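Colleague: Hi, I've got a few minutes before my next run. Could you walk me through this one?

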Amino acid sequence: MMRRNLAWLACAIGCASTAAESAPSDVSLGVDVGPDLGAEVGSVALDAGVDVSVELPAPPKYPNDGVLRLNQLQHRATHNSYHVAPEGAAPGGPWTYTHLPLDQQLATQGVRAFELDVTDEGPGEEGLRVYHVAILDDRTVCDTLAACLKQIRTWSDAHRDHAPIVVQIEPKNAIGKGGQGLLRLDASILAVFGADRLVRPPDVQKSAPTLREAVLTGTAWPTLGEARGKLVFALNGSDETNRGYVKAHASRADLVVFPYLDPPDPDAAFVIRNDAPAAAKEITALVTQGFIVRTRADTDGVEAVTNDRTVQQAALQSGAHLVSTDFPAKVPGTDYWLELPGGTPSRCNPVSAPPSCTSGDIERP
């Protein structure tokens, strides 16, 4: 043992010796000091049979948490994440897919991004309903926004070192008309997840003049270590609705949700480009600039009928961060599903992640 470690060792031995004096006779504490240590220790005396062991701290589980950032990941996302197929729906149709409850998607399918359609049907927690189309396609695994968020919270609480989870909210009917109505979304989110469990627009903008300018710096998004165990919410309404959400707040420091807006809008940070094959180059350019992009791997069951992965591959290769699908796992009746190569469950973004990144840096079982 090197001389520079002797002071620390002497303290450890002394403390252990003190403990040994008061310990029962059948309990021993001590250290294996080796043949050359006696002269170095000096005044520290060891009692026979005292065994002091020193337990070194375990290496960090995610050593690159201070390097990787939220915009350097690629997630498997589900489209209409709450959806349950209508009774009697014909196979191969646009509404024939059924999702598991959200906590089970997280636990068994590696899903790390969701989409919730929210319809305003009255005041209070029960008034923000989650379903696709009234009467025709309204079956769901969670009837209200609060119920859906609580399913996510249950899993998140049990896995606090998970990679950040993204929840896209698509406002329907009156909730999307006028920014004040959209403030109900903020209240519902904060009632389930406090601000400390969220990554919000002001957490990214900080002192930058605009959110877009912060994103373009390349270092505004939080590190993976800062975002672990947290959620990120995005608003997928019309441009008018999304800008109305921003205007409804007295200050941008109060924003809870990232509005989907195209640059050069000053509040652009999340962008949608759903046609991956046609927009692949544009998606890659947006990702390179620092924006977070959502796209789709399949639409209306078309790819599932023919097992066509063309759109899926274009989406993955483009670098889009959120790749949305109706088929996050294998189901009877089709061989089609979204495969995320190397995802455990998410993977390093093929465009924006550093070459040293591995899926194990993001999340492990």
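Modeller: Happy to! Let's start with Tyr336, which is buried, as its relative accessible area is 0%. Keep in mind that this is a predicted model.

Colleague: Noted. Which residue does Tyr336 form an aromatic pair with?

Modeller: With Phe327, and the pair is edge-to-face. The centres are 6.0 Å apart, with 90 degrees between the planes. Phe327 is buried too, at a relative accessible area of 9%, because buried means under 20%.

Colleague: Why do you quote both a distance and an angle?

Modeller: Because a pair of aromatic rings is described by the distance of the centres and the angle of the planes.

Colleague: Nice. What sits over the ring of Tyr62?

Modeller: The charged end of Arg228, 3.6 Å from the ring's centre.

Colleague: Let's switch to the bigger picture. How many helices and strands are in the chain?

Modeller: The chain has 12 helices and 10 strands. It runs to 365 residues, and buried residues make up 51% of them. Looking at contacts between residues at least 6 apart in sequence, 66% join residues at least 24 apart.

Colleague: Okay, helix packing next. At what angle do H10 and H12 pack?

Modeller: Helix H10 (residues 276-289) packs on helix H12 (residues 310-318) at about 10 degrees, and their axes are 8 Å apart. Angles under 35 degrees count as roughly parallel, so that is how H10 and H12 are described.

Colleague: Which residues make that contact?

Modeller: From H10, there are Ala276, Pro277, Ala280, Ile283, Thr284 and Val287. H12 contributes Val311, Ala314, Ala315 and Ser318. By class, the contact of H10 with H12 has eight nonpolar residues, two polar and no charged.

Colleague: What about H5 and H9, are they roughly parallel or roughly perpendicular?

Modeller: Helix H5 (residues 179-192) and helix H9 (residues 239-247) meet at an angle of about 75 degrees, with 8 Å between their axes. That makes H5 roughly perpendicular to H9. Gly179, Leu182 and Asp186 of H5 touch Thr241, Gly244 and Tyr245 of H9. The residues of the contact of H5 with H9 divide into two nonpolar, three polar and one charged.

Colleague: One last thing: where is Asp300 found?

Modeller: In the loop between strand E8 (292-296) and helix H11 (302-306). Asp300 counts as partly exposed, because its relative accessibility is 39%.

Colleague: And what is Asp300 in contact with, leaving aside its neighbours within four places in sequence?

Modeller: Gly92, Gly93, Pro94 and Asp326. Asp326 is 26 residues from Asp300 in sequence, and their C-alpha atoms are 8.2 Å apart in space.

Colleague: Great, thanks a lot!

Key. Residues are numbered from 1 along each chain as its sequence is written. This is a predicted model: local features need pLDDT of at least 70, side-chain atom pairs count only at pLDDT 80 or more; totals for chains, interfaces and linings use all residues. Side-chain values use heavy atoms; hydrogens and water are left out. Axes are lines fitted to C-alpha atoms, for helices over the stretch in contact, and angles run from 0 to 180 degrees between N-to-C directions. Helices (H or I, at least four residues) and strands (E, at least two) are DSSP runs, numbered from the N terminus. Angles under 35 degrees count as roughly parallel, over 145 as roughly antiparallel, 65 to 115 as roughly perpendicular and the rest as oblique. Contact means heavy atoms within 4.5 Å. Ala, Val, Leu, Ile, Met, Phe, Trp, Tyr, Cys and Pro count as nonpolar, Asp, Glu, Lys and Arg as charged, and the others, Gly among them, as polar. Rings of Phe, Tyr and Trp (its six-membered ring) pair if their centres lie within 6.5 Å; planes under 30 degrees apart count as stacked, over 60 as edge-to-face and the rest as tilted. Buried means under 20% relative accessible area, exposed over 50%, partly exposed in between (1.4 Å probe, protein chains only). A charge sits over a ring if NZ of Lys or CZ of Arg is within 6 Å of the ring centre and within 35 degrees of the ring normal.
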